[in-house]
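This report describes one protein model, beginning with a single residue and moving on to the whole chain.

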Amino acid sequence: MTFNIKIIENRKKYFMISAIVIAVGVLGMIVNIAMGNGAFNLDVEFTGGTEITVDVTSDFEVADIESIVMEATGIVPSQLQRVTGTNQVSIRMHELAVEQRSALIEAMVAAYGLNAEEDISMSDVSATISGEMQRSAIIAIISACVAMLLYIAVRFRDFKIGMSMIISSVHDVIIVLLCYSILQISLSYSFIAAMLTVVGFSINATIIIFDRFRENKRLTAERMKENLMMSRKSIKEPTVEEQLDLSINQTLLRCAYTALFVLVVTLCLYVLGVPAIRDFILPIIVATICGTYSSIFIAGPIYYMMNQREAAKAAEA
């Protein structure tokens, strides 16, 4: 089944939708900063802080532990989860002062009758480790982008296609980053995986469309050559706009089905999964939606505009 949506012709509308979404995200980030929450909710892994392990001898609810921590320290823990198969709970939060540590230990002892020395342990996550974590995150994302650029250069041998893919991926990364900011999702180790997944999913869907575009150009050239040899009459060559629209419409269902299947799985994980995994799954859901959107409605129009600009320069020369 092939649709007939005029995507290139209506490109300004799609660009406007993206601009509005990004503008709302930036506004949300500004509101968070004004409220004193910061642009991003950096986890202990990025800022340094305190890691606490509590061996609760009796059964407990994670929500109760979180309430005790907040009342004793006045800080919302960045990460709080039960250690599987034990009665231990792991708590990670921003650096605590001596008074806050004492208050937390006293509160835990009073609530569960613990031995402070044997059942509660605290350790610091140093700023040096966090700095290395940030450098590793940046290097990992840049390396992935460079590797994909090399792949695109070898596969398509068209600078404009590579640039349109990168711009659409940057579009997706910006939206997911704004999602992290607005929802104050903790930036932890999972952030790196989420960003790499965003770039990978976006590039994959865009490659499918441009692969079809390249194939359609080749088939058109062959048909024109064959027609010319048989009838010695030239036929009208489809414009870049027509070929792009055709290629996008031909692959529209495939991209939509891929996104739908990913969304079904990720939504199930988000609803049924443990709280610790939701900070990773929610950005992936956002990335799936905006990655599919950018592949269909952003990458092709960007390529078209770059192609038109190049043709105009060539005509002037």
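## Residue S247

S247 lies in helix α9, which covers residues 240–272; helices (H or I, at least four residues) and strands (E, at least two) are DSSP runs numbered from the N terminus. S247 has a relative accessible area of 0% and is buried, where buried means under 20%, exposed over 50% and partly exposed in between (1.4 Å probe, protein chains only).

Leaving out residues up to four places away in sequence, S247 touches I209, R212, F213 and N216; a contact means heavy atoms within 4.5 Å.

## Basis of the model

This is a predicted model, in which local features need pLDDT of at least 70, side-chain atom pairs count only at pLDDT 80 or more, and totals for chains, interfaces and linings use all residues. Residues are numbered from 1 along each chain as its sequence is written, and side-chain values use heavy atoms, with hydrogens and water left out.

## Overall form

The protein contains 11 helices and 6 strands. Its radius of gyration is 26 Å, well over the 20 Å that the globule rule gives for 317 residues, so the protein is more spread out than a compact globule. The radius is taken over C-alpha atoms, and the rule is 2.2 Å times the number of residues to the power 0.38. The C-alpha trace spans about 95 × 40 × 30 Å along its principal axes.

## Burial and contacts

Of the 317 residues, 38% count as buried. Among contacts between residues at least 6 apart in sequence, 77% join residues at least 24 apart.
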